[in-house]
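Hi,

Here is the structure I promised to pass on.

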Amino acid sequence: MSTTSPERSEQSTTRSVDPPDAPAMGPPSWWSRLDRPAVRLLGFALALVLALAVGGGVAAVAAPTPAPAPALPPTPAPVQGEAGPGAPTTAGTDVSGLAVAKDGYTLDVLAAPEQADSPGELTFRVLGPTGAPVTAFTPTHDKPLHLIVVGRDQSGFQHLHPVMDANGTWRTTTTFAARDHRVFADFAPDGRSEALTLGRDIAVAGTYRPVPLPPPSTTATTPDGYTVTLTGALVPGTQSPLTLSVSRDGAPVTDLQPYLAAYGHLVALRTGDLAYLHVHPTGSPGDSRTPAGPAIQFLAEVPSAGPYRLYLDFAHQGVVRSAEFTVVAATGPGTPVSAPGGHGDSGAPHGH
Ligand SMILES: [Cu+2]
């Protein structure tokens, strides 16, 4: 708004050069009689209303005596609430975590660590359709609620399990680095058949250097000597099998411990908007067909081509460890990803 401030613009520009910031309409006779700052504000307001009406589809906004609309092609109805270049084009794919409120539920963060690099309390509630905090949850993967914290640059992944009090307030103590964070709450309220993931940004002040996304790799190592090898490919719009094999000092690990009702827990976040992908293990401990390593099997369905960051948690000898991968989902032949008129991206590593 500052660039349209009457004071600033009148001081820095001459009055003779005066293109009104008005929409496409010829200046009527009363135009020159009006006070110029007022005209600028009016023009800006009209342009804003027009931009909203055209871009956001707010057809119900009635501008007084609207100018004849320019001949614009009709805006196609967005698929799945998202549209535009680079947006998911595959119908029916499970994308979540992009909204702070959905289906009547709201992620209400009450407090977060304010000081970088020192422990603080993160407290929040899930508000239900009536506005009251939800207090009953159906456990998924062994827990009533999973909290994922990650930098918007996809570094600093944390997977936390806060504890809820009787009033529906969740608490955990954690340490945030100085950066912009994304917080995801993954839960299933009682009475709802499917889980819901709500997301919210939390900023912590301080010097911040975003970490570039590591290049794609099929191996990841942990600081204490584990190597995880990834096989499989992400194909947009299909349940893509992924195998993550754990070894330690070169020897396959065959005594993984159950963690969250599985031998591994995998979260995938899309690079660019941090869409949260549900990734399901294909077997569970004790089902007589799922070995305790070295391979952990998952089915992952990504909505679009391009890079993703994968975060695997697994437990061995009493300690939960994490391994991270950058994986690029490529647009393969025969996949339903090519949208008519969409950009024919090959899904190359740096395509987005
Ligand atoms: Cu969890």
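First, a term: a residue counts as buried if 20 or more other C-beta atoms lie within 10 Å of its own, exposed if 12 or fewer, and partly exposed in between, with C-beta atoms placed from the backbone. Bear in mind that this is a predicted model, where local features need pLDDT of at least 70, side-chain atom pairs count only at pLDDT 80 or more, and totals for chains, interfaces and linings use all residues. Numbering starts from 1 along each chain as its sequence is written.

V109 has 16 other C-beta atoms within 10 Å, so it is partly exposed. You'll find V109 in strand β2 (residues 105-111); strands here are DSSP runs (E, at least two residues), numbered from the N terminus. Leaving out residues up to four places away in sequence, V109 touches F124, R200 and I202 (contact means C-beta atoms, placed from the backbone, within 7 Å).

Now the sheet. Its 5 strands form an open sheet in the order β1-β2-β3-β7-β6, with antiparallel pairing (two strands pair if DSSP finds at least two bridges between them). β1 (101-102) and β6 (163-164) are at the edges with a single partner strand each, so one side of each has no neighbour in the sheet. Between β3 (residues 120-127) and β7 (residues 169-174) there are 6 bridges, and L122 sits opposite T172 in β7.

Most residues other than glycine have a negative phi, and most peptide bonds are trans. Q154, not a glycine, has a positive phi of about 75° and is buried. S288 has a positive phi near 70°, but is exposed. G293 and P294 are joined by a cis peptide bond.

Cheers

Terms used
Helix = DSSP H or I, 4+ residues; strand = E, 2+ residues; numbered from the N terminus. Contact = placed C-beta atoms within 7 Å.
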